[in-house]
2 protein chains.
Amino acid sequence: EKFAGTHLLVDMWGAKNLDDPERIDQTLREAALTAGATILHSHFHHFTPNGGVSGVVVLAESHISIHTWPERNFAAVDIFMCGACDPHMAIPVMQRLFQAKRLDVSEERRGRVTA
Amino acid sequence: EKFAGTHLLVDMWGAKNLDDPERIDQTLREAALTAGATILHSHFHHFTPNGGVSGVVVLAESHISIHTWPERNFAAVDIFMCGACDPHMAIPVMQRLFQAKRLDVSEERRGRVTA
């Protein structure tokens with residue numbers, strides 16, 4: 001099977017440190033590098049009054065995004081990587097910051113060619 | 001069922017206009033507004049030599065991202081929206097530019113609470 005890239009959707013429950021855009025930016029960048037990706041750009045937004053963070057790291061190999069709901073201890077992450085990167089390697093780096101009690105991971109192969 | 005938002009993964013095949021970051025930026029912004037979302041930030045990158053585009057529109061209600069492979073007439077889009085937005089409404093706006101011959105759409109409900 002040929003495909004363009006692997007897209008992980010990660011729902012994090014019981015997570016901490018969801019209201020700090022600087023630490024989240026730093027952690028997602030470190031996660032990208034650990035997975036073997038090249039960072040092109042990142043942007044994070046801090047919402048008031050709930051403290052939620054939305055942000056994205058644009059990669060040469062696609063992207064990582066996050067949206068957090070601190071009041072629910074919930075974060076929705078997606079990690080899409082093409083080429084020789086391993087997006088699964090990004091998850092333990094994020095877990096060092098977020099310490100989620102439960103992770104729901106779904107994996108999609110994008111651009112599947114079933115020839 | 002309660003959930004935080006709807007995440008559409010859209011694989012576009014047989015698509016056109018995949019190598020023009022300005023038009024793609026403009027189209028994704030229009031798609032976001034049509035779906036009822038509020039734009040916070042957008043960033044698009046143009047790759048050489050293949051002309052591919054990677055980019056994201058960060059929304060108050062999550063994000064839209066795109067990664068294109070003009071040499072395969074393929075684009076991988078994701079549309080994640082919370083609140084009262086309807087991410088499905090973004091797709092026809094994109095189709096006006098990309099005119100994809102086939103769309104593979106998968107829908108994930110992020111942050112599902114099965115209480």
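Me: Which residues is Met81(B) in contact with, leaving aside its neighbours within four places in sequence?
Reply: Gly5(B), Thr6(B), Ala32(B), Ala35(B), Ala37(B), Leu59(B), Glu61(B), Ser62(B), Ile64(B), Asp86(B) and Pro87(B). Contact means heavy atoms within 4.5 Å. This is a predicted model, where local features need pLDDT of at least 70, side-chain atom pairs count only at pLDDT 80 or more, and totals for chains, interfaces and linings use all residues. Residues are numbered from 1 along each chain as its sequence is written, chains are lettered from A and ligands numbered from 1 in the order in which they are written, and side-chain values use heavy atoms, with hydrogens and water left out.

Me: Is Met81(B) buried or exposed?
Reply: Buried, at 2% relative accessibility. The cut-offs are under 20% relative accessible area for buried, over 50% for exposed and partly exposed in between, with a 1.4 Å probe and protein chains only.

Me: And how far is its C-alpha atom from that of Ala37(B)?
Reply: The two C-alpha atoms are separated by 7.8 Å. Along the chain, Met81(B) and Ala37(B) are 44 residues apart.

Me: Which strand does Met81(B) lie in?
Reply: Strand β5 of chain B. Strands are DSSP runs of E with at least two residues, helices are runs of H or I with at least four, and both are numbered from the N terminus.

Me: What's the strand order of the sheet in chain B?
Reply: β2-β3-β4-β5-β1-β6, six strands in an open sheet with antiparallel pairing. Two strands pair if DSSP finds at least two bridges between them.

Me: Which strands stand at the edges there?
Reply: β2 (39-46) and β6 (102-110) of chain B. Each has a single partner strand, so one side of each is left without a neighbour in the sheet. Neighbouring strands are turned by 10° against each other on average, direction ignored. Angles run from 0 to 180 degrees between N-to-C directions, and axes are lines fitted to C-alpha atoms, for helices over the stretch in contact.

Me: How many bridges join β1(B) to β6(B)?
Reply: Nine, with the strands running antiparallel. Leu8(B) has Glu107(B) as its bridge partner in β6(B). For Thr6(B), the partner in β6(B) is Arg109(B).

Me: What about β1(B) and β5(B)?
Reply: They pair over nine bridges, in the antiparallel sense. Met12(B) stands opposite Ala75(B) in β5(B).

Me: How many residues of β1(B) are buried?
Reply: Nine of its nine, and the strand is mostly covered. Gly5(B), His7(B), Leu9(B), Asp11(B) and Trp13(B) point one way, while Thr6(B), Leu8(B), Val10(B) and Met12(B) point the other way. In a regular strand the side chains alternate between the two faces of the sheet.

Me: Switching to helices. Which strands does α1(B) lie across?
Reply: Helix α1 (residues 21-34) of chain B lies across β2, β3 (53-59), β4 (62-69) and β5 (74-82) of that chain. The helix runs at about 155° to β2(B).

Me: At what angle do α1(B) and α2(B) cross?
Reply: Roughly 155°, with the axes coming within 8 Å. The two helices are therefore roughly antiparallel to each other. The classes are under 35 degrees for roughly parallel, over 145 for roughly antiparallel, 65 to 115 for roughly perpendicular, and oblique for the rest. By class, their contact has eight nonpolar, two polar and three charged residues. Ala, Val, Leu, Ile, Met, Phe, Trp, Tyr, Cys and Pro count as nonpolar, Asp, Glu, Lys and Arg as charged, and the others, Gly among them, as polar.

Me: Over to chain A. How many residues of β5(A) are buried?
Reply: Nine of the nine residues of strand β5 (residues 74-82) of chain A are buried, so it is largely enclosed by the rest of the structure.

Me: How does β5(A) pair with β1(A)?
Reply: In the antiparallel sense, over nine bridges. Met12(A) stands opposite Ala75(A) in β5(A).

Me: And with β4(A)?
Reply: Antiparallel again, over eight bridges. His63(A) has Phe80(A) as its bridge partner in β5(A).

Me: Which residue takes a positive phi in the hairpin of β4(A) and β5(A)?
Reply: Asn73(A), near 55°. The hairpin has four residues between the strands.
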